[in-house]
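Please keep the sequence and the structure at hand.

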Amino acid sequence: MTKQYKNLVNGEWKTSQTEMTIYAPATGEALGTVPAMSQQEVDAVYEAAHQAAPAWRALSYVERAAYLHKAADILVRDAAKIGAVLSKEVAKGHKAAISEVIRTAEIINYAAEEGLRMEGEVLEGGSFEAASKKKIAIVRHEPVGLVLAISPFNYPVNLAGSKIAPALIAGNVVAFKPPTQGSLSGLLLAQAFAEAGLPAGVFNTITGRGAVIGDYIVEHEAVNFINFTGSTPVGERIGQLAGMRPIMLELGGKDSAIVLEDADLDLAAKNIVAGAFGYSGQRCTAVKRVLVMDQIADELIAKVKSRVDQLTVGMPEDDADITPLIDTKAADFVEGLVHDANEKGAKALAQYQRQGNLISPLIFDHVTTDMRLAWEEPFGPVLPFIRVHSVEEAIAISNDSEYGLQASVFTNNFPQAFAIAEQLEVGTVHINNKTQRGTDNFPFLGAKKSGAGVQGVKYSIDAMTNLKSIVFDIQ
């Protein structure tokens, strides 16, 4: 009999009249059931959150930070247990799954400490007229209210914690919607916050079918801020439903690695493989295409292929480098990109292999811009190489994309690297390293259809607060 998981609503663990069964992508094993909430049950979540908001807002940063630190300690204590569920639920390597839980605890601790450094300011008048010199403004950060946090399947705990902790430390209440595939580990994350003793209603969870509550939870007038990580089409839909309310969106990417003639090719190959094939390529910040100068392409591709040939392919419990994709639909999409590239003349450097949702890593050389693989995000272990003849061509192809998340530049000419970075239409450029999320005190953002708003703990806290000026005259 599978385990029945429950939602945290107003401090209590509750079931619903109907349930959804969560299956392991790698084996098809039933892992547990989660409630399929109704719209009326969502209303109850939001009502509980609003009732809890005034008291939570009234606490000091120090008091709120104490709850967060305790939740982080519980996550560290239970990392192996939560990681085991996470690994099966999203087909992630066992060690990587445990590391994700530990990493989440670190983010929560950092958010707690960053909250203690939140400062307002005092401004003196005098900019426009003599009378204004007598005016003083006290500028304060105030919570926005109810934050709806929606996390993705690929990092269901980590990318939940990075939303929830900044929201809570800022004085907001939270409704957390984990992904369907990832909801079990998401609810285990909620258990850590509940055990930490958060007051009832401050932190609540929502699970259910998108057809029933997908739009409803977003467009609900009770929600004051929406923080979402996922696909660009869903993010665009959220933007439409949000109306005038603030949103933070982390969406898709087609991150380029630009490799110049003077690059350290061993370093480039190492980072390209790690960036492209980590978690089977199911990362928004994965390296998704390599733009390489033609005169060094053969050498670089040989080095990359040598490393790819050493990747292990198998099950998450074996800590294989390449594990099954999240579902059949995802694997079918990757297969469609592979067939299109083959039909249009790209050169596959190995035979395409697929068993169920498990696709072996594949490199394509001589990919051209008329192929889908040059532009579409595979979210799988397939990497295209596009040969270019100039820096200008590389920049143009990188920028001629609907996405603008990140890019990498590999060169030993640092003035040129910075010049290229200035021209790339992305949120972050890495020099001589793979595209990746980065450290928590750095901003994380995307241009174009890769997102809206700025993440990173400090920036997330800022985003989920409103500034209020209190102005008075002095004698």
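## A buried arginine

With which side chain does the side chain of Arg387 make a polar contact at 2.8 Å? That partner is Asp365. The model is predicted, so every distance here is computed from predicted coordinates.

Arg387 also makes a polar contact through its side chain with the side chain of Asp294, at 3.3 Å. The arginine belongs to strand S19. Its relative accessibility is 16%, and Arg387 therefore counts as buried; the cut-off for buried is under 20%.

## Aromatic pairs

The model holds 5 aromatic pairs. One of them joins Phe153 and Phe379. The ring centres lie 6.1 Å apart and the planes meet at 75°, so this pair is edge-to-face.

Phe153 sits in the loop between strand S8 (146-150) and helix H5 (158-169). Phe379 sits in the loop between strand S18 (362-365) and strand S19 (382-388). The pair therefore ties together parts that are 226 residues apart in sequence. Phe153 and Phe379 are both buried.

## An aromatic cluster

Another pair is Phe193 with Phe203. Here the centres are 5.0 Å apart and the planes stand at 55°, so the pair is tilted. Phe193 comes from helix H6 (residues 183-195), and Phe203 from strand S10 (residues 203-205). The two are 10 residues apart.

Are Phe193 and Phe203 buried or exposed? Both are buried. They also belong to one aromatic cluster, together with Phe176.

## A nonpolar surface patch

Which residues form a nonpolar patch on the surface? They are Val122, Ile138, Ile470, Phe472 and Ile474. Together they have about 400 Å² of accessible area.

Ile470 is part of strand S25 (residues 465-473). Why does Ile470 count as partly exposed? Its relative accessibility is 39%. The partly exposed class lies between the 20% limit for buried and the 50% limit for exposed.

Definitions and conventions
Residues numbered from 1 in each chain as written. Predicted model: local features only at pLDDT ≥ 70, side-chain atom pairs only at ≥ 80, totals over all residues. Heavy atoms only, no water. Patch = residues over 30% accessible without salt bridge, like charges linked within 9 Å, V, L, I, M, F, W, Y side chains within 5 Å. Areas by Shrake-Rupley, 256 points an atom, 1.4 Å probe, with all protein chains shown as cover. Salt bridge = Lys/Arg side-chain N within 4 Å of Asp/Glu carboxyl O. Helix = DSSP H or I, 4+ residues; strand = E, 2+ residues; numbered from the N terminus. Buried < 20%, exposed > 50% of the residue type's maximum accessible area, 1.4 Å probe, protein only. Phe/Tyr/Trp six-rings, centres within 6.5 Å; stacked < 30°, edge-to-face > 60°. Polar contact = N/O pair within 3.5 Å; in protein donor to acceptor, adjacent residues only side chain to side chain.
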